[in-house]
Amino acid sequence: MPENEHAGKVALITGGGRGFGKAFGAALTALGAHVVLADVDGEAASEAAAELNGKGGSATGVACDVTDEARVGEVVAEIVGAHGGLDILINNAGLHSAAYNKPSVELGVERLRRLFDVNVMGVVVCTLAAADAMRGRLGASIVNLSSSASYPNRTAYGVSKLAVRGLTAQFAHELGREGIRVNGIAPGLIFTDTLRAELPESEVARVMSGQVLSREGAETDIVEALLYLVSRRASFITGETLRVSGGFTLSV
């Protein structure tokens, strides 16, 4: 990929204060983009942006709850005011801890409502808010984070991520005529620090046994998939969800 692939472009990354969101921001700033890291934890977003700026990137951190339609609209308006538009939206924010990766009967209605509000409606709110700012921008691209858990659908979390795959296809249809591509990524078991701390060894063994490839998935695997989907190399791809799972989903 050319070093200036995204020079002058602007990206909004939800859940940008840590994890995949922060890693996506680092990768895009390295290619010349300005990134806005939006996170419900505004302090984490600001600290992540400061870290990227300290490494020579261009980033802004903002507090934003993706379920808050008014606040999301304000963030997009601020981006348009400062930069003239938006080129890339990464719908990364989501509830994905072990606390939500359970059957619906264990979660109960209140937590289920919260799960779907963030993981599903958050994608809707951010996409609708960003669409006008992305129209007419060459190479405009939206990437939604789904999950390999959306294939076996054993938990409420998996169902919420199945809905994200559906929204990816729907918005690809709706926004394609506007020149906006919409794709998704369905990560498998990716060994982040958070995952190592919270996932039981039995669950790690179960997922690893279902993979075709025997190595552990790494954060860089997801970052590379993201960079491909928002690049010119993927300019004829929309409505797809790329599975990055070491072949885990082949066993489903």
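This is a predicted model: local features need pLDDT of at least 70, side-chain atom pairs count only at pLDDT 80 or more; totals for chains, interfaces and linings use all residues.

User: Why is helix 4 called roughly parallel to helix 5?

Analyst: Helix 4 (residues 104-134) and helix 5 (residues 156-176) pack at about 20 degrees, with axes 10 Å apart. Angles under 35 degrees count as roughly parallel, over 145 as roughly antiparallel, 65 to 115 as roughly perpendicular and the rest as oblique, and helix 4 is therefore roughly parallel to helix 5.

User: Which residues make that contact, and what classes do they belong to?

Analyst: With contact meaning heavy atoms within 4.5 Å, the residues include Leu112, Phe116 and Val120 of helix 4 and Val164, Leu167 and Phe171 of helix 5. By class, this contact has 17 nonpolar, four polar and one charged residues, where Ala, Val, Leu, Ile, Met, Phe, Trp, Tyr, Cys and Pro count as nonpolar, Asp, Glu, Lys and Arg as charged, and the others, Gly among them, as polar.

User: What makes helix 1 oblique to helix 8?

Analyst: The axes of helix 1 and helix 8 (residues 219-229) come within 10 Å and cross at roughly 55 degrees, which makes helix 1 oblique to helix 8. The crossing is right-handed, and the contact involves, among others, Phe20 and Phe24 of helix 1 together with Ile222 and Leu226 of helix 8. The residues of this contact divide into nine nonpolar, one polar and one charged.

User: How do helix 1 and helix 2 lie relative to each other, and why?

Analyst: The axes of helix 1 (residues 19-30) and helix 2 (residues 42-54) come within 10 Å and cross at roughly 25 degrees, and the two helices are therefore roughly parallel to each other. The contact of helix 1 with helix 2 divides into three nonpolar, two polar and two charged residues.

User: What classes of residue line the second largest pocket?

Analyst: The lining of the second largest pocket has three nonpolar, four polar and six charged residues.

Conventions:
Residues are numbered from 1 along each chain as its sequence is written. Side-chain values use heavy atoms; hydrogens and water are left out. Axes are lines fitted to C-alpha atoms, for helices over the stretch in contact, and angles run from 0 to 180 degrees between N-to-C directions. Helices (H or I, at least four residues) and strands (E, at least two) are DSSP runs, numbered from the N terminus. A crossing is left-handed if the near helix is turned anticlockwise from the far one by less than a right angle, and right-handed if clockwise.
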